Amino acid sequence: MTSARNNKPFDYLAPAITPDKVGVEGLEAKWGSLWEQDGTFAFDRTASKASVYSIDTPPPTVSGSLHVGHVFSYTHTDVIARFKRATGHEVFYPMGWDDNGLPTERRVQNYFGVRCDPTLPYIEGFVPPFEGGDGKSTKAADQVPIGRKNFIELCERLTAEDEKQFEALWRQLGISVDWAQTYQTISPTAQAVSQKAFLENLRRGEAYQSMAPTLWDVTF
């Protein structure tokens with residue numbers, strides 16, 4: 001087959017450059033970079049309220065590695081986001097990290113082999129006994145007690161590392177979130193919003209103390 005314009009064989013039909021099989025190596029990085037550069041999934045905050053379709057994604061807990069269940073569930077959400085964009089909506093689709101609470105504390109205990117004791121003083125330049133855990137750190141007896149501030153520093157350090165790995169996987173998957181809108185449940189902004197909301201609960205008489213059944217963790 002030849003080109004009508006120059007009567008030469010089409011280059012893409014040349015056997016010498018035709019691969020034996022189709023490859024996808026490098027496609028994620030290529031298209032992910034282009035989408036980021038072009039702002040393909042960026043949310044326009046100047047859009048009218050009527051045109052906005054907002055997706056509230058329960059942020060995955062930063063307490064280890066992601067698994068296929070995360071990918072499966074967020075793929076469902078991503079299909080909806082892409083459909084709404086295709087139908088003319090301005091989609092608000094952020095990604096958040098839930099790095100607040102007992103799962104994070106548990107992971108830090110097992111990863112570094114430490115345990116929080118608020119009665120202990122802060123140690124400048126503290127080096128944890130383990131890095132990644134070796135099995136021993138899962139036992140309370142093998143965990144070194146440290147002060148609250150030291151423990152919080154380790155929480156912030158480990159969640160920051162985990163969040164980078166989480167984001168790398170989501171980007172490789174090609175999920176269409178607006179990465180400029182990423183948030184953390186323990187960020188100063190989230191803390192301020194939570195505290196303000198509690199004060200409003202208190203002002204309206206909605207916050208109270210009571211003797212009632214509760215979940216109890218014997219370890220904590």
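## Overall architecture

The chain contains five helices and six strands, and, when read along the sequence, these elements follow the pattern α-β-α-β-β-α-β-β-α-β-α. The structure is a predicted model, and every value given here is computed from it.

Among contacts between residues at least 6 apart in sequence, 75% join residues that are at least 24 apart.

## Helix 3 and its surroundings

Helix 3 spans residues 102-112, and its buried residues are T104, V108, Q109, Y111 and F112. The cover over these buried residues includes strand 4 (114-116) and helix 4 (148-173). Helix 3 is followed by G113, a residue whose phi is positive, near 70°.

A salt bridge involves R107 and D162, whose side chains meet with N and O 2.7 Å apart. Because R107 lies in helix 3 and D162 in helix 4, this pair ties together parts that are 55 residues apart in sequence. D162 has a relative accessibility of 4%, and therefore counts as buried.

## The largest pocket

The largest pocket holds about 450 Å³ of space. Its lining is made up of 18 residues, of which D99, N100, I152, C155 and I186 lie nearest the centre of the pocket. Helix 3 and helix 4 are the elements that give two or more residues to this lining, and the largest share, eight residues, comes from helix 4.

## Salt bridges within helices

A search of the whole structure finds nine salt bridges. One of them joins R171 to E167, with the closest N and O atoms 2.8 Å apart; both residues lie in helix 4, four residues apart, which is about one turn of the helix. Both partners count as partly exposed, R171 at 32% relative accessibility and E167 at 23%.

Another salt bridge is formed by R203 and E200, whose closest N and O atoms are 2.7 Å apart. These two residues are three apart in helix 5 (residues 188-203), so they are separated by about one helical turn. An α-helix has 3.6 residues a turn, so residues three or four places apart point the same way. R203 is exposed, with a relative accessible area of 59%, whereas E200, at 29%, is partly exposed. Both belong to a network of salt bridges that links E200, R203, R204 and E206.

## Helix 1 and the segment before it

On the surface, V24, L27, W31 and L34 form a nonpolar patch, and together these residues have about 340 Å² of accessible area. V24 is found in the segment before helix 1 (27-38), and this residue is exposed, because its relative accessible area of 51% lies above the cut-off of 50%.

E36 is found in helix 1 and, with 47% relative accessibility, counts as partly exposed. E36 and A180 are 144 residues apart in sequence, yet their C-alpha atoms are 9.8 Å apart in space.

Note on methods:
Residues are numbered from 1 along each chain as its sequence is written. This is a predicted model: local features need pLDDT of at least 70, side-chain atom pairs count only at pLDDT 80 or more; totals for chains, interfaces and linings use all residues. Side-chain values use heavy atoms; hydrogens and water are left out. Buried means under 20% relative accessible area, exposed over 50%, partly exposed in between (1.4 Å probe, protein chains only). Contact means heavy atoms within 4.5 Å. Patches are made of residues with over 30% relative accessible area and no salt bridge: like charges are joined within 9 Å, nonpolar side chains (Val, Leu, Ile, Met, Phe, Trp, Tyr) within 5 Å. Accessible areas come from the Shrake-Rupley method with a 1.4 Å probe; for residues, only the protein chains shown count as cover. A salt bridge is a side-chain nitrogen of Lys or Arg within 4 Å of a carboxyl oxygen of Asp or Glu. On a 1 Å grid over the protein atoms alone, a cavity is a set of points where a 1.4 Å probe fits but cannot get out, and a pocket is an open set with protein on both sides within 12 Å along at least five of seven lines; lining residues have an atom within 4 Å of a point. Grid points are joined across faces, edges and corners, and a volume is the space filled by probe spheres set on the points.
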